[in-house]
Amino acid sequence: MIELGKRQDLVIVKQVEFGVYLAENEDGGKEQERVLLPKKEVPEEAQLGNVLSVFIYRDSEDRLIATTRETSLEAGGLALLQVKEVGKIGAFLGWELEKDLLLPFREQTTEVEPEKEYLVALYVDKSGRLCTTMKVYHYLRTDSPYKKDDKVEGIVYEISDNFGVFVAVDNCYSGLIPAREPVEGIKAGDRITARVAMVLEDGKLTLSLKEKAYIQMGKDAAKIMEMLDERGGSFPFTDKASPELIRRETGMSKNEFKRAVGNLYKQRLIVIEDKGIRKV
C-alpha cells in the first residue's frame, strides 16, 4: 500500500516521457497502485526494476505524487516549522516541498505569528490531505533518557489553566510543568530550560523552572532582600499572610516565601513583627 505522508521504498514499474511510475513490487500486475515520480527527480541511472526511497504527498493539483527529496517529518512525526503566512482557514508552514503545509485554526493551541517557528505534528486529515497540528500530546514519546534533577530543554506547545504548561522536551518527549507552579510570561512556541522534578511511571516528565529546594531558597531569600530595599526596608505582611497575597506581591508560593523568610531570620538579616517584616 502506498501511504500518503510516509517515506517508503518503491519499485520503478514504468518509464514515461515525464517521469517514472512506482509501485510496491515489480510483478504486481496492472491493478496495483502506482504513483508518479516526476522526471526532474528521477536519478540518471534509474532503470525498470530499480528500488527508490521516496516520500509520498499531494501536489498543487491534489494528485498523489512521489519525491526523492528528504523531508523534515513524516505522518506521525514532529518538527519545528516556520509560519510563512496566516490565511482565512489557518496558517501555512514552509518545509522542503513546494506545497506549504496547512495548520488549521482548530489545530492551533495559540495564535501563531508569521516567521515564527512552532512545533507541529504531521497527520492525514479526513479528506486525505496532509495537515499539521500543534496539539502534539499524543505524538510525544515517553522513553526519554532523563532522570530526576537533570536539566532539559524543550518547546512549550500548549498551556492549560487546569494542568499547567505542556512541554516537548528535545522536541519529542512528553513533559509538563504542573499548574501548581507559578509561571509568568511563557507562551506556546517558547523554548525553555527546566529541571526534571520527577519521572512518572508511564515515562512522562514532571518539570520545574525552579531549582532544588535548598538552592531555590537562597535565590528566594536574595530576591526578598532586593524587594525590601526597593520598598524602603519593609513589607506590610508576614509569612502568615494569605497565599494569594504572597504570590501577588512576591511571585512566590507561601511555602517558598516562608522558607526564605525563615532563612533570613536565622541569619538575623530581618525581624518579623506583628504587622510585617523589616530589614535589620
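Colleague: What share of the 280 residues in the protein is buried, and how do you know that a residue counts as buried?
Modeller: Buried residues come to 44% of the 280; the word means under 20% relative accessible area, with over 50% called exposed and partly exposed in between, using a 1.4 Å probe and protein chains only. Bear in mind that this is a predicted model, where local features need pLDDT of at least 70, side-chain atom pairs count only at pLDDT 80 or more, and totals for chains, interfaces and linings use all residues. Residues are numbered from 1 along each chain as its sequence is written, and side-chain values use heavy atoms, leaving out hydrogens and water.

Colleague: Why is Thr 250 called buried?
Modeller: Thr 250 has 4% relative accessibility, so Thr 250 counts as buried.

Colleague: Which residues does Thr 250 touch?
Modeller: Not counting residues up to four places away in sequence, Thr 250 touches Lys 223, Met 227, Phe 237 and Phe 257; contact means heavy atoms within 4.5 Å.

Colleague: What makes strands S16 and S17 edge strands?
Modeller: The open sheet has three strands in the order S16-S18-S17, with antiparallel pairing. Strands S16 (234-235) and S17 (270-273) each have a single partner strand, so one side of each is left without a neighbour in the sheet. Strands are DSSP runs of E, at least two residues, and helices are runs of H or I, at least four, numbered from the N terminus.

Colleague: How do you know that S17 and S18 pair?
Modeller: Pairing needs at least two bridges found by DSSP, and S17 and S18 (residues 276-279) have four, in the antiparallel sense.
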